[in-house]
Amino acid sequence: MSSARDRPARARETGFRWRRSRRLTLAGVLAALALAGGSGATPAGPTLTFSTFAQTDLPLSGVVWTGTSFLYLPENASQIEAADATGAGVHQFTSFAGGLGGEEVRCAVPVIAYWPDGVYCHLPDNRIYRIARDGSSITLLATLPGVASDGGLVFDSSGRFGYALLASTGGSSSEGGEIYAVRTDGRAQEIGAYPGPGGADELAIAPPKFGPASGQLLLSVDQDSVSGRVLAIDRSGKVRVVASGLGNGDNPIAVVAAPPRQPSSGQPAPGLYVGDTNSMAVYFAPASALAAFVGGVVVGSELGADFWTIKPNARGTGFVVQQAAVHLPDGNPNLEGAAYVP
C-alpha cells in the first residue's frame, strides 16, 4: 500500500494489446508489460484536494448522479438513499428484498432513449434491477451467471456495444471474470472474459479520442490489498492493459468530460464525487483540478487514496499515466465508486 509520503508524481507510457483468452494469466500480463517499452518524462499530474460533500449514514459502495439527484449506494446494506444536487434532502430511494447476496451495489442511468427510463442496479449476487426514477417501483431485469461479485455496471455511450447495458462479474478475490451485454428484454450475451488476479470493481466507457481504446469498455481491476490495473475490452472480447501497478487495488474510475456549452440549472458543482465506505462520506474534488485532463480518465485506489490520470499519448498508440497529489479529509479511506459531473 502506498501512503501520503510516497506519492510523488510519476508517469508511464504503455501501449500494447493481445487477443482474447479466457485464461490469461498473471505471467502473460507481465510479459506483455515487458514488451510495452520504457517510460518517458512527462509533466506532473494534477493536485486533487477533496472536501466532504455529504456525510451519510451508509457504508458506501459508490455515488451516482442521475441528472436530477444523487444516489448513495450501500455496501452490506439493502437500501439506497437519494439527495438533491447540494447533498441535502436525504431520503430512502429504494431497498432490495432478500438482501444483496454480497457486499457492493453498482447503479447506472441510460444514456439514450432506446432504454426505458429509470435507474439500473447490479447487485453482488448478479441480479440486475430497473428502478423507477422516483424509486416507486422495482423490476428484476436479468440475472447473470456466476458467483457473487463486485459487479460493475455502465451504459454503452459509444455505440460500440450497440448501446447495451454492460455488466461485469468477478471481484477483488477472484481470478478475473466475464463481461455481459444486457438488452432491454433482459437477454444477457457474454462479450468475453478478462484475466486475473483480482476482478473488476467499476466500469466506464472510454472517451471517443482515447487512443487505441477509444469507445471501449474500461475496467478498474481490484486485486485485494495488492495491486490495481485498468483494462480495456472491445466488442469482440479482445483485452488490452491500459495501466498497471496502480496502488492498492483500483475502484473509482470516471471519464473527465468537457463542461456543457449551456449548463442547466439545478446541477451539482462540477467535479469528481467519490464514496468512502469507512467514513460513510461522499468526497468532492472540483473539476478545475482536472481541466487539463478533459478527454481522459481518472482512476483511484481503494486503500491509500492514490489517484492517477490516464490520457492517450501524442502518437495515439498508447497511454500516459500520471499520479496525482491527493489531499483527503480522512486518513483511513476505503474508496469505492465515483461520479464525474462536468
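This briefing walks through the bonds, rings, strands and charges in the structure above. You're looking at a predicted model, so local features need pLDDT of at least 70 and side-chain atom pairs count only at pLDDT 80 or more, while totals for chains, interfaces and linings use all residues. Residues are numbered from 1 along each chain as its sequence is written, and side-chain values use heavy atoms, with hydrogens and water left out. Helices (H or I, at least four residues) and strands (E, at least two) are DSSP runs, numbered from the N terminus.

**The disulfide**

- A disulfide is a covalent bond between the sulfur atoms of two cysteines.
- Here the count is one disulfide, with the cut-off being a pair of cysteine sulfur atoms within 2.5 Å.
- Cys107 and Cys121 are the partners, S to S 2.1 Å.
- The torsion about their S-S bond is about 105 degrees, so this disulfide is right-handed.
- Cys107 sits in strand β8 (residues 106-108) and Cys121 in strand β9 (residues 119-122), so the bond ties together parts that are 14 residues apart in sequence.
- Is Cys121 buried or exposed? Cys121 is buried, at a relative accessible area of 0%, and Cys107 is buried too, at 9%. (Buried means under 20% relative accessible area, exposed over 50%, partly exposed in between, using a 1.4 Å probe and protein chains only.)

**Aromatic rings**

- There are 12 aromatic pairs in the structure. (Rings of Phe, Tyr and Trp, its six-membered ring, pair if their centres lie within 6.5 Å; planes under 30 degrees apart are stacked, over 60 edge-to-face and the rest tilted.)
- One of them is Phe96 with Tyr129: the ring centres are 5.7 Å apart and the planes meet at 40 degrees, so it's a tilted pair.
- Phe96 is in the loop between β7 (91-95) and β8, and Tyr129 is in strand β10 (residues 127-131), so this pair ties together parts that are 33 residues apart in sequence.
- Phe96 and Tyr129 are both buried.
- Trp115 and Phe155 make an edge-to-face pair, 5.2 Å centre to centre with 75 degrees between the planes.
- Trp115 lies in the loop between β8 and β9 and Phe155 in strand β12 (residues 153-155), so the parts they tie together are 40 residues apart in sequence.
- Phe53, Trp65, Phe70, Tyr273 and Phe284 group into one aromatic cluster.

**Strands and hairpins**

- Strand β23 (residues 297-303) pairs with strand β24 (residues 307-312) in the antiparallel sense over four bridges. (Two strands pair if DSSP finds at least two bridges between them.)
- Which residue in β24 is the bridge partner of Val299? Trp308 is.
- β23 and β24 form a hairpin with three residues between them, and Gly304 in the turn has a positive phi of about 90 degrees.
- β24 also runs antiparallel to strand β25 (residues 319-323), joined by five bridges, with Ile310 opposite Val321 in β25.

**Salt bridges**

- The count is seven salt bridges, each being a side-chain nitrogen of Lys or Arg within 4 Å of a carboxyl oxygen of Asp or Glu.
- Asp117 and Arg133 form one of them, with the closest N and O atoms 2.9 Å apart.
- Asp117, at 54% relative accessibility, counts as exposed, whereas Arg133, at 33%, is partly exposed.
- Arg187 bridges to Asp185, with the closest N and O atoms 2.8 Å apart.
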